[in-house]
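The sequence and structure come first, and the description follows.

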Amino acid sequence: WSSDVCSSDLLLAALIGLSGTAPLRAAEPPIRWSSGGAVWSTSQSAFDTFLRTGEITDRGLAAGLAASGWPVDQLRAALSKTYSVDFLAVSRFLYSDAGERFLRRATTSYVPYDAKHSTAVQALRSAILRDATDGTISSVGIMRALPTAFRLSGPGSPSGGEQPICRSEEH
């Protein structure tokens, strides 16, 4: 596990997620997407079909993917990609000072839907650890392991919707 998260497709897709969407929780249907004034619902089976085959069978999913700013094939690959990890190393990192900084930065604008920032670090840490228990980790695995629905804060929020995960520490 490396603190250089900018080079990781996994963390980029899991933490930045589908930019402009909210919340990103795949564990329980439906997945809700916010685009402008509309809120879309996507069934878990439509999301799974997209991950498995690339077929987009849902209007909300199509809108969320289009709003992400990422090519659909790259998003699908990043969400589905599995990495081998050492659970103890992941755990040590996430509970270290560097891991705490990483989690705080990752949850600057990516927060639990209901509780806002009060439980963001703990929720994201628990999801990453839960997904890593079998020695593998993936973006969709982290999303499914989130103990609560997460969302991206948009423009007008204190973070301005910015995802600072790949900025240098000086900023």
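A polar contact is taken here as a pair of N or O atoms within 3.5 Å, where, within protein, one must be able to donate a hydrogen and the other to accept it. The structure is a predicted model, and by this criterion Asp 86 caps the N-terminal end of α5, since one of its side-chain oxygens lies 2.9 Å from the backbone nitrogen of Leu 88.

**Overall composition**

The protein has 8 helices and 6 strands, and from the N terminus on its elements run α-β-β-α-α-α-β-α-α-β-α-β-α-β. Buried residues make up 46% of the 171 residues. Among the contacts with a separation of 6 or more, 62% are between residues 24 or more positions apart.

In α5, the buried residues are Val 90, Ser 91, Phe 93 and Leu 94. They cover an arc of only 165° around the axis, and therefore sit on the same side of α5. The face turned away from this buried side carries the exposed residues Leu 88, Arg 92 and Tyr 95, whereas the buried residues of α5 pack against α6 and α7.

The packing of α5 with α7 has an angle of about 170°, with the two axes 10 Å apart. That angle makes α5 roughly antiparallel to α7. On the α5 side the contact is made by Phe 87, Val 90, Ser 91, Leu 94 and Tyr 95, and on the α7 side by Arg 125, Ile 128, Leu 129 and Ala 132.

Leu 129, which lies in helix α7, is buried, with a relative accessible area of 12%. When its neighbours within four places in sequence are left aside, Leu 129 is in contact with Phe 87, Val 90, Ser 91, Leu 94 and Tyr 95. Leu 129 and Ala 145 are 16 residues apart in sequence, and their C-alpha atoms are 8.8 Å apart in space.

In soluble globular proteins, nonpolar side chains tend to be buried together. Here the largest nonpolar core has 20 residues, and those with the most contacts inside it are Leu 94, Leu 103, Leu 124, Ile 128 and Ile 137. At least two residues of this core are supplied by each of α5 (87-95), α6 (97-106), α7 (120-132) and α8 (139-145), and α7 gives the most, with 7 residues. Leu 103, for its part, touches Leu 94, Val 121, Leu 124, Arg 125 and Ile 128, not counting residues up to four places away in sequence. Apart from this core lies another, of 9 residues, among them Phe 50, Leu 51, Leu 75 and Leu 79.

**Helices α2 and α4**

Phe 50 and Leu 51 also take part in a helix pairing, in which Phe 50, Leu 51, Arg 52 and Thr 53 of α2 meet Val 72, Arg 76, Leu 79 and Ser 80 of α4. Helix α2 and helix α4 (residues 72-80) pack at an angle of about 100°, with their axes 9 Å apart. This angle makes α2 roughly perpendicular to α4.

| Helix pair | Packing angle | Separation of axes |
|---|---|---|
| α5 and α7 | about 170° | 10 Å |
| α2 and α4 | about 100° | 9 Å |

Within helix α2 (residues 44-53) is Gln 44, which is buried, with a relative accessible area of 13%. A polar contact of 2.8 Å joins the side chain of Gln 44 to that of Asp 48.

**Helix α3**

In helix α3 (residues 59-67), the residues Gly 60, Leu 61, Gly 64 and Leu 65 are buried. Seen down the axis of α3, these buried residues fall within an arc of 130°, so they line one face of the helix. The face of α3 turned away from its buried side carries the exposed residues Arg 59 and Ala 66.

Both ends of α3 have a local feature to inspect. At its start, a side-chain oxygen of Asp 58 reaches to within 2.9 Å of the backbone nitrogen of Gly 60, and just after α3, Gly 69 takes a positive phi of about 85°.

Definitions and conventions
Residues numbered from 1 in each chain as written. Predicted model: local features only at pLDDT ≥ 70, side-chain atom pairs only at ≥ 80, totals over all residues. Heavy atoms only, no water. Helix = DSSP H or I, 4+ residues; strand = E, 2+ residues; numbered from the N terminus. Buried < 20%, exposed > 50% of the residue type's maximum accessible area, 1.4 Å probe, protein only. Arc of directions from axis to C-beta. Core = buried A, V, L, I, M, F, W, Y, C linked by side-chain atoms within 4.5 Å. Contact = heavy atoms within 4.5 Å. Axes fitted to C-alpha atoms, helices over the stretch in contact; angles between N-to-C directions. Parallel < 35°, antiparallel > 145°, perpendicular 65-115°, else oblique.
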